[in-house]
Amino acid sequence: MANKEDIFKKVISHAKEYGYVFQSSEIYDGLSAVYDYAQNGAELKKNIREYWWRAMVQLNKNIVGIDAAIFMHPTTWKASGHVDAFNDPLIDNKDSKKRYRADVLVEDYTAKIEAKIEKEVKKAAKRFGDAFDKSQFLATNGRVVEYQKKINTILKRLGSSLEKEDLADVKALIEELGIVCPVSGSKNWTDVKQFNLMFGTKLGASADSAMDLYLRPETAQGIFVNFLNVQKTGRMKIPFGIAQTGKAFRNEIVARQFIFRMREFEQMEMQFFVKPGSQKEWYEAWKENRMKWHLSLGMGEENYRFHDHEKLAHYADAAADIEFRFPFGFKELEGIHSRTDFDLSAHEEHSGKKLQYFDHEENKNYVPYVVETSIGLDRMFLAVFSHSLKEEVLENNTTRTVLKLPAVLAPTKAAVLPLVKKDGLPEIAHQIVDDLKWDFNVTYDEKDAVGRRYRRQDAVGTPFCITVDHQTKEDNTVTIRHRDTMEQRRVPIAEVNELIAKEVDMKSWLGKM
Ligand code: GAP
């Protein structure tokens, strides 16, 4: 695989070819930034959701899960600030007529400087070998220090202009940096304007009585409006959390990165309600906890980093992203936000209902503070999928395409393959499938030579292949082949279930947290 663009193209085509992700309504040429999950994609997505739910809800005594409706009373969005402030700054290029997010244009510019830093690091690492100290190099190399200073200055100015809604300065920054339209190559920009990202719709049968509604742009508000219901019926004591997963909708200005930025997507969010004053402590604790969850999947510590926000959302007093190294560079995967009492207080004000907690220890009522963890399920899918896709050169100089998904998340855990389609081998293989299917998602495949079948399962990400051959008839053993090592072992059929369980069991993966 060559450059970043080629790798990303390969990810997208592999996702389609192996039944993971299809473009929505493809027969009508698709719908921009809307995707469908296919037979394997739906399983991978379900497994990621389950991995999150177990870690957040099942493993925490003080966190419960809900499933709120997508439609909410429209005042919800007035109170949350989304009607007035859920905007992105857009800019058009007059020559190409293409529309961009002004902040993304600037961030793409700084990403290019960052790529230069990475290049310098790679060069130095090669030069110094084992003696290379990356953090010392970053802090002392003159060229790298200058690059980093430039990035910081640009992002600081962008952050403060957006904070002050000084859109003229955002445009001035784009012009000063000499940013050109990637399509026309020109610097012929319009002014920067704000664009609200919420989708509107109507509730009701007749035109005059219909009520204007929004499709929720985040799932979090369904948790806030239910805070007191859950607290009372669940007799929850602060600190406690409410989690949920579900669809969210945003009319994104630019949506060019496959399932990274979609108009319909799924979030996995948790609001943790805490005593005012303790939010900083909980914010740090959740940052650490969430990073541990990511690392438990074994996708490499070097592929994650924290990014503290310069520009805080209208509701936050601290915020950080967990960024992941996607094929197109480090980008936000999850957000951890200290949301203060902004949402609950705003809902109190707009609904006229008290949303307070009576603290028996303190003997007083208060509006709790909230620390939120919010991750996009589709973005997590892309992180896992793109990281797992490898092209390997084998000893005999052939290549194989293998999807090295963490086994716990793989859609199908094992494929059962009769060596030939006769001599009673298919019957034994079907029996093994019937025995295993109660515990795992397994598949049966008898078409083509066994080597080709192995390759097919490698490409789809199945961790184990179980082959039934003539010896099986004699001694009830099969070969079990491991996707990552390609090693094959002969084992009794009776041990297969346990061998698979050992590697795919959520308990042992989550236990690494
Ligand atoms: N409740 C807080 C909230 O929604 P956010 O940073 O806007 O915060 C949280 O979104 C997460 O949702 C992001 O980190 C990202 O993973 C995911 N996300 C946001 N917009 C998305 C989009 N258009 N497509 C896919 N995922 C998205």
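Begin by selecting Lys 202 and Asp 212, whose side chains form a salt bridge with N and O 2.5 Å apart; a salt bridge here is a side-chain nitrogen of Lys or Arg within 4 Å of a carboxyl oxygen of Asp or Glu. Lys 202 belongs to strand β7 and Asp 212 to strand β8 (residues 211-214), so the pair ties together parts that are 10 residues apart in sequence. Helices (H or I, at least four residues) and strands (E, at least two) are DSSP runs, numbered from the N terminus. This is a predicted model, in which local features need pLDDT of at least 70 and side-chain atom pairs count only at pLDDT 80 or more, while totals for chains, interfaces and linings use all residues. Residues are numbered from 1 along each chain as its sequence is written, and side-chain values use heavy atoms, with hydrogens and water left out.

Lys 202 counts as exposed, at 54% relative accessibility. The terms are set as follows: buried means under 20% relative accessible area, exposed over 50%, and partly exposed in between (1.4 Å probe, protein chains only).

Leu 203 is partly exposed, with a relative accessible area of 40%. Accessible areas come from the Shrake-Rupley method with a 1.4 Å probe, and for residues only the protein chains shown count as cover.

**The ligand**

Next, centre the view on the ligand. Which of the 22 residues around the ligand come nearest? They are Glu 218, Glu 252, Met 262, Glu 269 and Glu 332; a residue is near a molecule if one of its heavy atoms lies within 4 Å of it.

- Glu 218: a polar side-chain atom is 2.6 Å from a ligand nitrogen.
- Met 262: a backbone N or O atom is 2.8 Å from a ligand nitrogen.
- Arg 339: an N or O atom of the side chain is 3.3 Å from a ligand nitrogen.

Taken alone, the ligand exposes 560 Å², and the protein buries 93% of that. Colour β10 (264-274), β13 (329-340) and β16 (369-376), the elements that give two or more residues to the shell around the ligand. β13 gives the most, with 6 residues. By class, the shell holds 7 nonpolar, 5 polar and 10 charged residues. Here Ala, Val, Leu, Ile, Met, Phe, Trp, Tyr, Cys and Pro count as nonpolar, Asp, Glu, Lys and Arg as charged, and the others, Gly among them, as polar.

**Further charged pairs**

Move to Asp 103 and Arg 101, which form a salt bridge with their closest N and O atoms 2.9 Å apart. Asp 103 is buried, with a relative accessible area of 7%, and Arg 101 counts as buried at 12%.

Then select Glu 392, Arg 400, Lys 404, Arg 455, Asp 458 and Arg 481, which are linked in a network of salt bridges. The whole structure contains 45 salt bridges.

**Backbone stops**

Most residues other than glycine have a negative phi, and most peptide bonds are trans. Select Ile 238 and Pro 239, joined by a cis peptide bond with omega of about 5 degrees. Pro 239 is in the loop between α10 (227-233) and β9 (240-249).

Ala 33, although not a glycine, has a positive phi of about 65 degrees. Ala 33 is in the loop between β1 (21-23) and β2 (35-37) and counts as buried at 5% relative accessibility.

Finish at Met 486, a residue other than glycine whose phi is positive, near 65 degrees. Met 486 lies in the loop between β22 (477-482) and β23 (488-492) and counts as partly exposed at 27% relative accessibility.

Methods. Polar contact = N/O pair within 3.5 Å; in protein donor to acceptor, adjacent residues only side chain to side chain.
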